[in-house]
Every structure is written in structure tokens, then in C-alpha cells.
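Subject: Structure handover, with pockets, cavities and core

Hello,

Here is the structure for your files. Please open it alongside these notes.

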Amino acid sequence: MPEQDVATNGRFYWGSATAAYQVEGSPLADGAGSCVWHEFSHTPGTTYHAQTGDIAADHYHKWPEDVELMKNMGLNSYRFSLRWARILPDGTGVVNPRGLSFYDRLVDSLLACGIEPFVTLFHWDMPSALFRMGGWSNPDVADWFGDYAAVVVGALGDRVRYWMTLNEPYVVSAEGHLVGNHAPGMRNIYQMGHSVHHQLRAHIAGYRAIKAARPGARVGLAVHNAAVWPGTGSGPDIAAAERAEGWHNFPMFLDPLVHGRYPPALEPRLRPFLPVGYENDMPALQVPPDFVGINYYHGYYVRDTSDNWLGFVEVDGPEAPRTKMNWAVRPEGLHRVLTQVHERYHLPAVFITENGASYEDRVVGGAVHDADRTAYLKSHIAAVLQAKREGVPVEGYFVWALLDNFEWAHGYSQRFGIVYVDFETQERTVKDSGRWYGELARAGVPPQDQELSAPSIGS
Ligand code: GBH
């Protein structure tokens, strides 16, 4: 594969990703305020074995070692999130300089190592003080978020060029406000609908605050995706798949930002639960992001049903290997999602902001032989590069995750890292997949490897 195929302006970002609550630990240290995940995980019955992010991977203290690991692996970028309540303990108002200084030092250290920081403002850790005032259901959340964005861009904007406002707003709405398996544990379809709309308004407020301070910054958001195929070629099943895609994938958030409306396949079912008068906000929401971040893990098949709100049900598709999360490994789905997002919006840039897999890992003689994870990464990166060759403007790829970490309600039972973390000792061990990925990143182009170019990617 010729080098110019892969490099964009001489550079393709090969990185890894984390999120604050999942890796940092020390949630209340140095004046930080509480967040909903801290409270939720300390509530009985919410997480696997009552595990919490109190220590996590102790990134709050071990970050210099973690930056060194990335540098030695050869990664040229790192996607991480800021914890809102470290910086603004009450969510708004008084800034906590010690919280800000943690991220300030991290950014300096990354840049000194030649690692480009990709900063997410919100990866699910809503400050508890704001949750008390209604959190994502309170329309004021857009102003709160805009003020927070202004504070962080003021502090880091001289060095950070890539920003993501929100991570997977779908999961916040669906799992945090409708299903309740994620913080803040709400099970209320109206709160779900309001949180969709107010997250969009907050995104815009954040986007504008960052652009006002740093017009040259590139600002986007990371969205949840799973490839969805209709279980049969019937009209109702195809329509069901469109609803599933509208809800689960980029359309619920990107249709408003790019086309100024909710996805037509979804809007009739969503409308009753959106804030009254939401239509009036749509023109102000129509501001296409500078890039979209695609998070992708798995794919599934659906059929039409009248048994539930959205009218789709998952059915068996073709056999596929499964990860420890029981997610079907379908790399062709990542190619499908990238192609769809490009055809629907023609945004200037696309990043794969998360992709990876959880498997049962063991340290044997100081190594972790995770061949299944390496195979997962190879096949998905091949799908990404194929989409890129076909014209999707992909500029970077981030493995989820740099480190084994607190996998939300699954606690520490699911390991997604390319670096193994012994949660007793906090010792790090680069897995075989991390070594392989580091070689790829250092070369800048995929090795001329049969396995990498082998999978044939359908649509
Ligand atoms: C992403 O979420 C997140 O951005 C990241 O923080 C997370 O660690 C990573 O992926 C891996 O999950 O199995 O029924 O309990 C992906 C969205 C969130 C969807 C958790 C599945 C659990 C449902 N996922 N959710 S269940």
C-alpha cells in the first residue's frame, strides 16, 4: 500500500483512548466535586461486584508512566476526557486550579513526547451538583456546558487542537435515562428524550465556546455505532433497520447538526418525548461539526416488530466470533458505518475514536498473548483503510483502550486495554496486541501483512 494512501497531509493519527472516570481513580482528590458515576457506582446493585472508579487504573498518579508507555509504543496521539467536576467542582462557577493543573501537565507531557492530545469534554461524568438541578433534563445544561467549555479552552486551547464535546450521547440518553443501567440510573422515557435534545444544545454551546476562543481548533463529537443489517430483504425489516440505525448510530445526533432535523425514520417515535417546542431550536442546532468521531465495536441484525417502542428486535445473523462482551465481531460493519456516514453528511474529516475488544487476558511469564485482540484490530483497521481508499476522509484511528479500566456497570470484569493492568499492584504490561499496534503506528503504514489486507469487506 503506497504511503500517501494512508497519510493525510503527511500524518495519520494512530492513537489509543481512555475516559476520565474509567482510568483516573481519585475521584474526589485535590478539591474535585463528585460526579454521577461516583454516586451511581457507590449505590448497591449497580455494578459488577459493587466495583467503583475509586482507584481504577490510578492514571491520576501514574499518568507520567502511561505517557511514557505510549511514547515507547510509538503512538502519535491520545484521546482522553476531562472530568468536568475536577475543573468545576460544582459544575459551574468557581474553577478548581488543582483539577485543571492535572490536565495541563498531562497535555504538556504528551506534546513533549510528540503525542497529539484529542480532548473529550464529557465522557459521562456529569457533576453531581448539576445532576441535583436536573442534569441533562434541565435546559440550562447547555449554558453550563458552554461555560465549562470556555474554561477549558481558555486553559488548554493554546496547545490542544482537537476537541470532542460529547462522547456517545446516545448511551447517556438510552442507558443513563431510559434503561438505567448507567449513571444516573434514570428510567424515564421523557428524561431520555429531553437528554437527547439538550445534549445537542450543549454540544452547540461547547462548539461555539471553543471556536470563539480558538477559531482554528477542530471541534467534533464522538458517536455510538453498531452496524445494523435488516434480517431479511422485506420492506418492514429494512424500515426497522433504519429505525435501529437512527437511534443507535450517528443519525440521531448528526442529522440535526448537518440537516437541521431528527432522522425521518426515527422522529415520529421520538417526538412525543422531546421538549415542547424543540422544533424552534432546530435552526440553531444546524452547525456541522468539523469532524465526526465514530465509535464502533460490533454489528447485529434486526426485524420489524410491533412489540416495543421503536419497533425492532434483534435476530440471529450469520455466525460470527464473539468477544467477552458477547458482541459479534463484524469488521465489515465498520466499513459500512464509515461509508454511510460519509454518504449522508460529507463532513471534512472522520476519526475512528474508539474500536477494540474485551477478551479473557492472562499474564504468562511477563507477557499477555492476546492473539484474538490482535486479530480483531487487524481486521477492523483493514476495514478502515479500505473505506479510506474509497474516499472516506479518515484521518485517524484510536484503539479502545490504552489501559484495562473500569468498564462501567461491568466493573473490572471486562478488559479492553492494549496494556494490561494488574488492579492489585497497578503494574502495567503491554499486551501482544499493543506491541503489534505500536509497530503499525511507528511505521505509519500497515505492515505488508497478508492478514491485514486479507478480509474482503462487503457492504
Ligand atoms: C463505549 O461504549 C464507551 O465510550 C466506552 O467508555 C466503553 O468503555 C467502551 O465503549 C466499551 O464498552 O452489556 O447490556 O450491560 C459503548 C457503548 C456502553 C454499549 C455499555 C453497551 C453496556 C450494555 N456500550 N453498554 S450491557
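This is a predicted model: local features need pLDDT of at least 70, side-chain atom pairs count only at pLDDT 80 or more; totals for chains, interfaces and linings use all residues.

Residues are numbered from 1 along each chain as its sequence is written, and side-chain values use heavy atoms, with hydrogens and water left out.

Pockets

On a 1 Å grid over the protein atoms alone, a pocket is an open set of points with protein on both sides within 12 Å along at least five of seven lines; a cavity is a set where a 1.4 Å probe fits but cannot get out; lining residues have an atom within 4 Å of a point. Points are joined across faces, edges and corners, and a volume is the space filled by probe spheres set on them. Helices (DSSP H or I, at least four residues) and strands (E, at least two) are numbered from the N terminus.

The largest pocket holds about 760 Å³ of space. Its lining has 38 residues, and Glu175, His224, His298, Met325 and Trp327 are the closest to its centre. At least two lining residues come from each of α9 (169-179), β5 (218-230), α11 (235-248), β6 (291-304) and β7 (312-315). β6 gives the most, with five. By class, the lining splits into 17 nonpolar, 13 polar and eight charged residues. Here Ala, Val, Leu, Ile, Met, Phe, Trp, Tyr, Cys and Pro count as nonpolar, Asp, Glu, Lys and Arg as charged, and the others, Gly among them, as polar.

The second largest pocket holds about 230 Å³. Of its 14 lining residues, Ala241, Glu242, Glu245, Gln340 and Arg344 are the closest to the centre. α11 and α15 (331-345) each supply at least two. The largest share, five residues, is from α11. The classes are eight nonpolar, two polar and four charged.

Cavities

The whole-structure search finds two cavities of 30 Å³ or more. α3 (36-41) and α9 give two or more residues each. α9 gives the most, three. The lining has eleven nonpolar, three polar and no charged residues.

The second largest cavity is about 40 Å³. Its lining includes Glu24, His59, Tyr78 and Phe102. α2 (20-23), β2 (77-81) and α6 (97-112) each supply at least two lining residues.

Core and helix

A nonpolar core is a set of buried Ala, Val, Leu, Ile, Met, Phe, Trp, Tyr and Cys residues joined through side-chain atoms within 4.5 Å. Buried means under 20% relative accessible area (1.4 Å probe, protein chains only). The largest core has 145 residues; Trp37, Trp163, Ile294, Tyr397 and Tyr437 touch the most other members. Trp37 has contacts (heavy atoms within 4.5 Å) that include Trp124, His182, Ala183 and Trp408, leaving aside residues up to four places away in sequence.

Tyr437 is also one of the buried residues of α17, along with Ser433, Gly434, Trp436, Gly438, Leu440 and Ala441. Helix α17 (432-443) has twelve residues, so at 1.5 Å a residue it should span 16 Å, and its end C-alpha atoms agree at 17 Å apart. The expected span is 1.5 Å times one less than the number of residues. Just after α17, Gly444 takes a positive phi of about 80°.

Best wishes

Note on methods: Buried means under 20% relative accessible area, exposed over 50%, partly exposed in between (1.4 Å probe, protein chains only).
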